[in-house]
Amino acid sequence: MIIPVRRFAATCALGTLGIALAACGAPGTPPTARPGHPAAATSAAPSRPPTLAPGPSGLTPVFENGPRTPDKTVALTFDADMTADQGPRAAAGEHFDNPQLIATLRGFKVPATVFMTGRWADEYPQEAKDIGQDPLFEVANHSYSHYAFTGDCYGLPTVPEESMRSDVERAFTSIKKAGVKNVMPYFRFPGGCYDQRALRALSPLGVTPVQWDVVSGDAFATDVDAVARQVLEGVRPGSVVVMHCTRSAAPTTERALHTIVPELRKQGYRFVKVSELIGATTGGHR
(Lines give C-alpha, C1' and ligand atoms only; values in the text may rest on other atoms or scores of the structure.)
Protein backbone atom coordinates (compact mmCIF):
# COMPACT_ATOMS: atom_id res chain seq x y z
CA MET A 1 0.00 0.00 0.00
CA ILE A 2 1.62 3.23 -1.18
CA ILE A 3 0.06 6.59 -0.51
CA PRO A 4 1.50 9.95 -1.68
CA VAL A 5 5.11 10.25 -0.62
CA ARG A 6 6.46 11.85 2.50
CA ARG A 7 9.82 13.25 1.48
CA PHE A 8 12.92 13.86 3.50
CA ALA A 9 15.06 16.69 2.16
CA ALA A 10 18.65 15.58 1.87
CA THR A 11 21.53 16.95 -0.13
CA CYS A 12 23.16 14.16 -2.06
CA ALA A 13 26.36 14.13 -4.04
CA LEU A 14 26.02 11.96 -7.13
CA GLY A 15 28.78 9.72 -8.39
CA THR A 16 29.45 6.52 -10.20
CA LEU A 17 29.96 4.15 -7.35
CA GLY A 18 29.00 0.52 -7.96
CA ILE A 19 27.85 -1.55 -5.02
CA ALA A 20 30.05 -4.28 -3.69
CA LEU A 21 28.78 -7.56 -5.05
CA ALA A 22 29.62 -11.02 -3.76
CA ALA A 23 31.89 -12.88 -6.14
CA CYS A 24 30.47 -15.89 -7.96
CA GLY A 25 33.86 -17.59 -8.12
CA ALA A 26 37.31 -16.74 -9.38
CA PRO A 27 37.67 -16.72 -13.16
CA GLY A 28 39.69 -19.56 -14.61
CA THR A 29 43.07 -19.08 -16.20
CA PRO A 30 42.81 -18.56 -19.97
CA PRO A 31 44.19 -21.49 -21.98
CA THR A 32 47.68 -21.10 -23.35
CA ALA A 33 47.75 -20.46 -27.09
CA ARG A 34 49.28 -23.14 -29.27
CA PRO A 35 50.87 -22.43 -32.64
CA GLY A 36 48.11 -21.63 -35.09
CA HIS A 37 45.49 -21.65 -32.34
CA PRO A 38 44.82 -18.26 -30.74
CA ALA A 39 43.89 -18.28 -27.08
CA ALA A 40 40.18 -18.57 -26.39
CA ALA A 41 38.51 -15.24 -25.93
CA THR A 42 37.49 -14.48 -22.39
CA SER A 43 34.01 -13.15 -21.80
CA ALA A 44 33.71 -9.63 -20.42
CA ALA A 45 32.64 -9.35 -16.82
CA PRO A 46 29.06 -8.10 -16.49
CA SER A 47 28.81 -4.42 -15.63
CA ARG A 48 27.42 -3.43 -12.27
CA PRO A 49 24.09 -1.64 -12.12
CA PRO A 50 24.50 2.11 -11.62
CA THR A 51 23.98 3.39 -8.09
CA LEU A 52 24.38 6.74 -6.36
CA ALA A 53 27.49 7.49 -4.34
CA PRO A 54 27.16 8.42 -0.65
CA GLY A 55 26.98 12.15 0.01
CA PRO A 56 29.24 14.17 2.30
CA SER A 57 27.17 13.06 5.29
CA GLY A 58 27.76 9.42 4.43
CA LEU A 59 24.01 8.80 4.21
CA THR A 60 22.53 6.71 1.46
CA PRO A 61 21.35 9.14 -1.24
CA VAL A 62 17.81 9.02 -2.57
CA PHE A 63 16.88 8.98 -6.26
CA GLU A 64 13.64 10.69 -7.33
CA ASN A 65 13.98 11.40 -11.04
CA GLY A 66 16.42 11.40 -13.93
CA PRO A 67 17.86 14.35 -15.84
CA ARG A 68 15.42 16.91 -17.23
CA THR A 69 16.92 16.76 -20.70
CA PRO A 70 15.43 16.94 -24.21
CA ASP A 71 15.72 13.14 -24.27
CA LYS A 72 12.17 12.44 -23.13
CA THR A 73 12.51 9.32 -20.99
CA VAL A 74 10.13 8.11 -18.32
CA ALA A 75 10.27 5.13 -15.97
CA LEU A 76 7.08 3.34 -14.95
CA THR A 77 7.56 1.56 -11.63
CA PHE A 78 5.19 -0.92 -10.04
CA ASP A 79 5.11 -1.89 -6.38
CA ALA A 80 4.29 -5.54 -5.67
CA ASP A 81 3.00 -4.97 -2.16
CA MET A 82 2.15 -7.52 0.46
CA THR A 83 2.60 -7.07 4.19
CA ALA A 84 3.95 -9.85 6.36
CA ASP A 85 0.57 -10.45 8.02
CA GLN A 86 -1.61 -10.70 4.89
CA GLY A 87 -1.17 -14.43 4.35
CA PRO A 88 -4.66 -15.28 5.66
CA ARG A 89 -6.21 -12.78 3.26
CA ALA A 90 -4.34 -14.34 0.33
CA ALA A 91 -5.42 -17.80 1.50
CA ALA A 92 -9.01 -16.56 1.54
CA GLY A 93 -8.76 -15.54 -2.12
CA GLU A 94 -7.59 -11.93 -2.11
CA HIS A 95 -5.28 -11.25 -5.07
CA PHE A 96 -2.11 -9.30 -4.39
CA ASP A 97 -0.73 -10.07 -7.85
CA ASN A 98 -1.79 -8.75 -11.25
CA PRO A 99 -0.67 -11.02 -14.11
CA GLN A 100 -2.86 -9.15 -16.60
CA LEU A 101 -0.95 -5.93 -15.91
CA ILE A 102 2.35 -7.68 -16.59
CA ALA A 103 0.87 -9.12 -19.81
CA THR A 104 -0.25 -5.64 -20.87
CA LEU A 105 3.24 -4.22 -20.35
CA ARG A 106 4.60 -7.05 -22.49
CA GLY A 107 2.00 -6.40 -25.15
CA PHE A 108 2.97 -2.73 -25.28
CA LYS A 109 6.68 -3.68 -25.07
CA VAL A 110 7.11 -1.28 -22.15
CA PRO A 111 10.14 -1.87 -19.91
CA ALA A 112 9.46 -1.33 -16.23
CA THR A 113 10.92 -1.70 -12.75
CA VAL A 114 9.03 -3.82 -10.23
CA PHE A 115 9.68 -3.11 -6.54
CA MET A 116 8.85 -6.39 -4.87
CA THR A 117 8.32 -7.19 -1.22
CA GLY A 118 9.84 -10.42 0.01
CA ARG A 119 6.44 -11.49 1.33
CA TRP A 120 4.99 -11.09 -2.19
CA ALA A 121 7.79 -13.21 -3.64
CA ASP A 122 7.08 -15.88 -1.02
CA GLU A 123 3.38 -15.88 -1.97
CA TYR A 124 3.88 -15.78 -5.75
CA PRO A 125 7.28 -17.37 -6.43
CA GLN A 126 6.49 -18.46 -9.99
CA GLU A 127 5.26 -15.00 -10.96
CA ALA A 128 8.29 -13.41 -9.31
CA LYS A 129 10.58 -15.73 -11.28
CA ASP A 130 8.67 -15.04 -14.51
CA ILE A 131 9.04 -11.28 -14.08
CA GLY A 132 12.68 -11.58 -13.03
CA GLN A 133 13.63 -13.68 -16.06
CA ASP A 134 12.02 -11.33 -18.58
CA PRO A 135 14.60 -8.84 -19.94
CA LEU A 136 11.80 -6.32 -20.33
CA PHE A 137 11.69 -5.91 -16.56
CA GLU A 138 14.01 -5.41 -13.63
CA VAL A 139 13.20 -6.35 -10.04
CA ALA A 140 14.19 -4.29 -7.00
CA ASN A 141 13.61 -4.46 -3.25
CA HIS A 142 10.51 -3.09 -1.48
CA SER A 143 11.33 -4.54 1.99
CA TYR A 144 10.24 -7.93 3.24
CA SER A 145 7.30 -7.02 5.43
CA HIS A 146 6.08 -3.73 3.87
CA TYR A 147 6.22 -2.22 7.34
CA ALA A 148 7.16 1.45 7.64
CA PHE A 149 10.70 2.65 8.29
CA THR A 150 9.42 5.69 10.22
CA GLY A 151 6.64 6.23 12.71
CA ASP A 152 3.27 7.63 11.67
CA CYS A 153 3.40 6.35 8.10
CA TYR A 154 -0.21 6.05 6.94
CA GLY A 155 -1.08 3.49 9.56
CA LEU A 156 1.56 0.93 8.55
CA PRO A 157 3.20 -1.15 11.30
CA THR A 158 6.75 0.02 12.02
CA VAL A 159 10.05 -1.81 11.60
CA PRO A 160 12.32 -1.23 14.63
CA GLU A 161 15.55 0.55 13.77
CA GLU A 162 17.63 -2.46 14.72
CA SER A 163 15.62 -4.64 12.28
CA MET A 164 15.62 -2.34 9.25
CA ARG A 165 18.72 -3.77 7.64
CA SER A 166 17.73 -7.40 8.26
CA ASP A 167 14.25 -6.76 6.83
CA VAL A 168 15.77 -5.55 3.56
CA GLU A 169 18.28 -8.42 3.51
CA ARG A 170 15.45 -10.90 4.09
CA ALA A 171 13.61 -9.45 1.09
CA PHE A 172 16.65 -9.95 -1.14
CA THR A 173 16.84 -13.55 0.07
CA SER A 174 13.17 -14.26 -0.66
CA ILE A 175 13.27 -12.66 -4.10
CA LYS A 176 16.37 -14.61 -5.07
CA LYS A 177 14.90 -17.82 -3.64
CA ALA A 178 11.92 -17.35 -5.96
CA GLY A 179 14.29 -17.48 -8.92
CA VAL A 180 15.10 -13.83 -9.62
CA LYS A 181 18.82 -14.01 -10.31
CA ASN A 182 19.68 -10.36 -10.85
CA VAL A 183 17.88 -8.33 -8.21
CA MET A 184 18.78 -4.68 -8.66
CA PRO A 185 20.50 -2.83 -5.80
CA TYR A 186 17.57 -0.44 -5.42
CA PHE A 187 15.16 -0.06 -2.51
CA ARG A 188 11.79 1.63 -2.16
CA PHE A 189 10.60 2.57 1.31
CA PRO A 190 7.09 1.32 2.13
CA GLY A 191 4.74 4.28 2.09
CA GLY A 192 7.60 6.42 0.78
CA CYS A 193 8.42 7.25 4.41
CA TYR A 194 12.04 7.68 5.47
CA ASP A 195 14.28 9.85 7.60
CA GLN A 196 17.96 10.15 8.52
CA ARG A 197 17.73 7.20 10.88
CA ALA A 198 16.37 4.92 8.12
CA LEU A 199 18.94 6.10 5.60
CA ARG A 200 21.73 5.53 8.12
CA ALA A 201 20.50 2.02 8.82
CA LEU A 202 20.53 1.05 5.14
CA SER A 203 23.77 2.74 4.11
CA PRO A 204 25.92 -0.37 4.80
CA LEU A 205 23.85 -2.34 2.27
CA GLY A 206 24.94 -0.12 -0.62
CA VAL A 207 21.42 0.13 -2.01
CA THR A 208 20.07 3.25 -3.69
CA PRO A 209 16.66 4.22 -2.34
CA VAL A 210 14.29 5.09 -5.19
CA GLN A 211 11.33 7.39 -4.70
CA TRP A 212 9.38 9.09 -7.50
CA ASP A 213 8.26 12.47 -8.77
CA VAL A 214 4.89 11.41 -10.21
CA VAL A 215 2.21 9.88 -7.98
CA SER A 216 -0.28 7.96 -10.11
CA GLY A 217 -2.94 7.91 -7.41
CA ASP A 218 -3.82 4.34 -8.40
CA ALA A 219 -3.89 2.98 -4.84
CA PHE A 220 -7.50 1.97 -4.17
CA ALA A 221 -8.64 4.15 -7.08
CA THR A 222 -11.85 3.34 -8.91
CA ASP A 223 -11.69 6.03 -11.62
CA VAL A 224 -9.48 4.82 -14.48
CA ASP A 225 -9.52 8.17 -16.27
CA ALA A 226 -8.46 10.03 -13.13
CA VAL A 227 -5.41 7.78 -12.71
CA ALA A 228 -4.40 8.19 -16.35
CA ARG A 229 -4.92 11.94 -16.21
CA GLN A 230 -2.85 12.33 -13.04
CA VAL A 231 0.08 10.48 -14.62
CA LEU A 232 -0.10 12.32 -17.94
CA GLU A 233 -0.30 15.71 -16.24
CA GLY A 234 2.65 14.93 -13.96
CA VAL A 235 5.21 13.36 -16.30
CA ARG A 236 8.24 15.38 -17.31
CA PRO A 237 11.48 14.21 -18.96
CA GLY A 238 13.27 11.88 -16.53
CA SER A 239 10.18 11.20 -14.42
CA VAL A 240 9.72 8.16 -12.19
CA VAL A 241 6.05 7.19 -11.91
CA VAL A 242 4.87 5.13 -8.92
CA MET A 243 2.10 2.62 -9.63
CA HIS A 244 1.07 -0.81 -8.32
CA CYS A 245 0.75 -4.33 -9.66
CA THR A 246 -1.60 -5.62 -6.97
CA ARG A 247 -5.19 -6.27 -8.00
CA SER A 248 -6.74 -5.83 -4.58
CA ALA A 249 -5.03 -2.51 -3.85
CA ALA A 250 -4.96 -1.03 -7.37
CA PRO A 251 -7.82 -2.46 -9.47
CA THR A 252 -7.73 0.23 -12.19
CA THR A 253 -4.00 0.36 -12.99
CA GLU A 254 -3.96 -2.13 -15.86
CA ARG A 255 -6.79 -0.33 -17.66
CA ALA A 256 -5.15 3.05 -17.11
CA LEU A 257 -2.07 1.83 -18.97
CA HIS A 258 -4.13 1.59 -22.16
CA THR A 259 -4.40 5.40 -22.06
CA ILE A 260 -1.06 6.29 -20.46
CA VAL A 261 1.29 4.33 -22.72
CA PRO A 262 -0.04 5.41 -26.17
CA GLU A 263 -0.42 9.04 -25.08
CA LEU A 264 3.12 9.33 -23.68
CA ARG A 265 4.51 7.73 -26.82
CA LYS A 266 2.50 10.19 -28.87
CA GLN A 267 4.19 12.97 -26.89
CA GLY A 268 7.59 11.54 -27.79
CA TYR A 269 8.43 9.77 -24.53
CA ARG A 270 10.56 6.64 -24.41
CA PHE A 271 9.95 4.15 -21.61
CA VAL A 272 13.03 3.03 -19.67
CA LYS A 273 13.89 1.18 -16.49
CA VAL A 274 15.00 3.00 -13.34
CA SER A 275 18.55 1.75 -13.86
CA GLU A 276 18.78 3.69 -17.12
CA LEU A 277 17.69 6.91 -15.44
CA ILE A 278 20.19 6.42 -12.62
CA GLY A 279 22.89 5.68 -15.18
CA ALA A 280 22.04 8.86 -17.06
CA THR A 281 22.22 10.81 -13.79
CA THR A 282 25.61 9.48 -12.76
CA GLY A 283 27.11 9.16 -16.22
CA GLY A 284 27.57 5.44 -15.56
CA HIS A 285 26.68 2.59 -17.86
CA ARG A 286 25.04 -0.78 -17.32
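I began in helix H5 (residues 164-177), where Glu 169 and Arg 165 sit 4 residues apart, about one turn of the helix. Helices here are DSSP runs of H or I with at least four residues, numbered from the N terminus. Glu 169 and Arg 165 form a salt bridge, with their closest N and O atoms 3.3 Å apart. The term means a side-chain nitrogen of Lys or Arg within 4 Å of a carboxyl oxygen of Asp or Glu.

I noted the ground rules next. The model is predicted, so local features need pLDDT of at least 70 and side-chain atom pairs count only at pLDDT 80 or more, while totals for chains, interfaces and linings use all residues. Residues are numbered from 1 along each chain as its sequence is written, and side-chain values use heavy atoms, leaving out hydrogens and water.

I checked accessibility for the H5 pair. Glu 169 is partly exposed at 34% relative accessible area, and Arg 165 is partly exposed at 37%. Buried means under 20%, exposed over 50%, and partly exposed in between, with a 1.4 Å probe and protein chains only.

I then looked up Arg 119 and Glu 123. Their side chains meet in a salt bridge (3.1 Å, N to O). Both lie in helix H3 (residues 118-123), 4 residues apart. Arg 119 is buried at 13%, whereas Glu 123 is partly exposed at 29%.

I turned to Asp 130 and Arg 106, which form a salt bridge at 3.0 Å, N to O. Asp 130 lies in helix H4 (residues 125-132) and Arg 106 in helix H2 (residues 99-108), so this pair ties together parts 24 residues apart in sequence.

Asp 71, Arg 270 and Glu 276 are linked in a network of them.

Methods
Helix = DSSP H or I, 4+ residues; strand = E, 2+ residues; numbered from the N terminus.
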